[in-house]
Amino acid sequence: MKEEYQFPLEDYMSSERFKRIKRFAEDKPTPCLILETDIVKAKFEELRMHLPFAKIFYAVKANPHDEIVTLLHRLGSNFDVATRYELDQLLRLGVEPDRMSFGNTIKKERDIAYFYDKGVRLFATDSFEDVDKLARAAPKAKVFFRILTEGLGADWPLSKKFGCHPEMTRNLMLHARDLGLEPYGLSFHVGSQQRDIGQWSTALGSVGSLFSWAEDHGIKLKMVNMGGGFPANYTDPTNPIEHYAGDITSYLKNFFGEQLPEIIIEPGRSITGDCGVIVTEVVNIAKKSAHDLYHWVFFDIGKFGGLIETLDEAIKYPIYFERSGPSLDIILAGPTCDSMDILYEKHSYEMPAGTKIGERAFILTTGAYTQSYSSIYFNGFPPLSAYILK
Ligand SMILES: *Cc1c(COP(=O)(O)O)cnc(C)c1O
């Protein structure tokens, strides 16, 4: 059985903003990603307004486009950096190393040394082995310890890959201090596109008790890094960002009182998700048998072209076709010769019945985790190209 969903897209479809995107994309080959930097700016400023006490470290991996990084740098953002390649890019764009953290807990010792050499002094960690590497390659650096979260309620959960159990975090803090590092704070990530705001309360509960435990053991932690997880606008509804900010602020005050420690957030999706529209072409529309109830619709972009977050139909992008009118139930798939390259099969998407092969479709909210995920030349398809809307 397919779930039903009607897109509330009428207003957007007739908006000036959308008409501009369509006009701008007219002479561009598909698939392509159109990025609107004024939306990035608005999303950044909205978050800063609602969480004025938090330092924002933009998670570069969500969308590392030079113009987006440069804009966020100008707006005063800091950056959560995951690899030496991202570090090199940011240095090339003039981002100061004291506005970066090495937020990946999975790192080679020589890459830690590279970050340290370039001036980065803030590092994430979640294991003894990694603390040992940090002590050798980044002496006296500030480290924050990532605790494990469940990822419940998130559309794109981060599983058990990152973080460690609070019990182990205690021993890690002592170990880091004994090796001359500065135990600086604690971090967590509640899972990406987190729709249950209560997950921040659960995580902050663990953080609060670890803060007290550390103080009892002579370690004065100074910082809480609340990670990402803030939402973009996909088809499944979420609360507005001010609800997230309001609830999270009251959780923080419950656990820490009025004297908050330094607070960091690392938004990726919520800053850049809404700024992108992918323009695609309908390559084929076909049935598998005469009585097939569904039409198979094939786009010129699929899982390998940048839509990997449709795995398990986790992220449901709003999709708009050029025509309107009565619609058909469809199964949506990508253009490659891999059978897993299906976008939506269980979840019901619709397409106006008059749609013809060769017409365009528009996949909304594709500014985050698309271009940076697109494959290089699988089946010869080039990586997804992006244009900044001018
Ligand atoms: C990917 C990532 C983020 C961004 O998460 P979103 O849910 O996209 O906001 C933040 N922090 C870390 C450590 C990450 O790996």
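The model is predicted.

Start with the empty space. Rolling a probe the size of a water molecule over the atoms shows where such space is left. In this model, the largest pocket holds about 650 Å³. It is lined by 34 residues. Closest to the pocket centre are Lys61, Ala82, Arg146, Leu158 and Phe162. Two elements give two or more residues to the lining: β9 (192–194) and α11 (269–272). By class, the lining divides into 13 nonpolar, 13 polar and 8 charged residues.

Now place the ligand. The space that the ligand takes is this largest pocket. Around the ligand stand 13 residues. The closest of them are Lys61, Ser192, Glu266, Gly268 and Tyr369. The class make-up of the ligand shell is 3 nonpolar, 5 polar and 5 charged residues.

A ligand nitrogen atom lies 2.6 Å from an N or O atom in the side chain of Glu266. Then turn to oxygen. An oxygen atom of the ligand is 2.8 Å from a backbone N or O atom of Gly268. At Gly229, a polar backbone atom is 3.0 Å from a ligand oxygen atom. Finally, consider cover. On its own, the ligand has 390 Å² of accessible area, and the protein covers 91% of that area.

Notes: Residues numbered from 1 in each chain as written. Predicted model: local features only at pLDDT ≥ 70, side-chain atom pairs only at ≥ 80, totals over all residues. Heavy atoms only, no water. Near = heavy atom within 4 Å. Polar contact = N/O pair within 3.5 Å; in protein donor to acceptor, adjacent residues only side chain to side chain. Areas by Shrake-Rupley, 256 points an atom, 1.4 Å probe, with all protein chains shown as cover. 1 Å grid on protein atoms, 1.4 Å probe; cavity = no way out; pocket = protein on both sides within 12 Å on 5 of 7 lines; lining within 4 Å. Sits in = over half its atoms within 2 Å of the grid points. Nonpolar A, V, L, I, M, F, W, Y, C, P; charged D, E, K, R; others polar. Points joined across faces, edges and corners; volume = space filled by probe spheres on them. Helix = DSSP H or I, 4+ residues; strand = E, 2+ residues; numbered from the N terminus.
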